[in-house]
Amino acid sequence: MKIARAFLLVTVSLLAASCAGIVSHRSPPGVTVDLVPKGMYARRIYRPMRPTFITIHATENRSRGAGAYSHAQMLKRGSLKGEHNAIGYIGWHFTIDDHSTYQSLPTNERGEHADYDGQGNRSSIGIEMCENRGNDRARTLDRTARLTAWLIKEHGIPLSRVVPHMHWRMIRHDDHRDLGHKKCPHFLLDNGRLGPKWNAFLAKVESYRRAL
Ligand SMILES: [Zn+2]
């Protein structure tokens with residue numbers, strides 16, 4: 001009798017979980033999963049997220065060797081501090097260069113890459129494009145568009161919710177200082193604004209999405 005009741009409880013709770021909608025956290029194809037260790041640094045506190053936006057960034061790191069692998073290692077070792085945010089570390093989901101993509105956070109956990117306590121961090125998957133010397137920008141952009149296409153399909157995110165970092169207003173966590181809108185990713189903006197470059201990127205995402 002006891003066993004039967006326990007079984008029933010398990011069944012009911014599984015049903016409840018499926019009704020609530022299971023958030024996908026599958027990793028995209030061709031991605032090296034090299035996560036920040038659970039419970040540490042950018043994952044110091046477990047903060048689940050249901051992604052409804054994708055935020056595109058550029059690293060602005062021109063050092064030689066500052067590709068996807070080295071950024072993933074910095075995140076993994078807690079080298080990137082977030083002095084003014086709630087968790088003390090910076091973190092995002094994917095880093096892309098011209099030949100590789102690394103995943104540092106599961107897509108169902110929130111990062112710290114966009115706007116401190118704002119909706120950007122609370123609801124978006126963060127993608128950083130590398131710009132280290134020698135890295136091919138066109139290839140990096142192409143790979144980013146492909147990954148974005150896969151992610152919007154996987155999570156049912158509309159193209160209108162693929163946004164540049166500049167979309168989000170940055171108000172610091174600790175002193176509430178308003179930093180406004182960062183001009184990121186700078187090479188997809190036209191004179192600091194959304195224009196033909198951003199539209200071309202979205203068109204590329206859409207064409208890859210249609211092909212999936
Ligand atoms: Zn950014």
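Trainee: How many bridges join β2 to β5, and in which sense do the two run?
Mentor: This is a predicted model, in which local features need pLDDT of at least 70 and side-chain atom pairs count only at pLDDT 80 or more, while totals for chains, interfaces and linings use all residues. Residues are numbered from 1 along each chain as its sequence is written. Strands (E, at least two residues) and helices (H or I, at least four) are DSSP runs numbered from the N terminus, and two strands pair if DSSP finds at least two bridges between them. β2 and β5 run parallel, and the number of bridges joining them is 6.

Trainee: Which residue of β5 is the bridge partner of Ala58?
Mentor: Ala58 points from β2 the same way as Ile54 and Ile56. In β5, its bridge partner is Met129.

Trainee: Which residue of β5 is the bridge partner of Ile96?
Mentor: β3 is joined to β5 by 3 bridges, and the two run parallel. The partner of Ile96 in β5 is Met129.

Trainee: What is the order of strands in the open sheet?
Mentor: β2 also pairs with β6 (residues 162-164) in the parallel sense, over 3 bridges. The edge strands, each pairing on one side only, are β1 (32-33) and β6. The sheet has 6 strands with mixed pairing, in the order β1-β4-β3-β5-β2-β6.

Trainee: How many of the residues of β2 are buried?
Mentor: A residue is buried if 20 or more other C-beta atoms, placed from the backbone, lie within 10 Å of its own; 12 or fewer make it exposed, and in between it is partly exposed. Phe53, Thr55 and His57 point one way, Ile54, Ile56 and Ala58 the other, and all are buried. β2 is therefore largely enclosed by the rest of the structure, the buried count being 6 of the 6.

Trainee: At what angle do α4 and α5 pack?
Mentor: The contact (C-beta atoms, placed from the backbone, within 7 Å) involves Leu141 and Ala145 of α4 and Phe201 and Val205 of α5, among others. Axes are lines fitted to C-alpha atoms, for helices over the stretch in contact, and angles run from 0 to 180 degrees between N-to-C directions. The axes of α4 and α5 are 8 Å apart, and the angle is about 55 degrees.

Trainee: Is His113 buried or exposed?
Mentor: His113 lies in the loop between β4 (101-103) and α3 (119-123). Leaving aside neighbours within four places in sequence, its contacts include Thr55 and His57. With 26 other C-beta atoms within 10 Å, His113 is buried.

Trainee: How far apart in space are His113 and Ile127?
Mentor: In sequence, the two are 14 residues apart. From C-alpha to C-alpha, the distance between His113 and Ile127 is 9.0 Å.

Conventions. Two residues are in contact if their C-beta atoms, placed from the backbone, lie within 7 Å.
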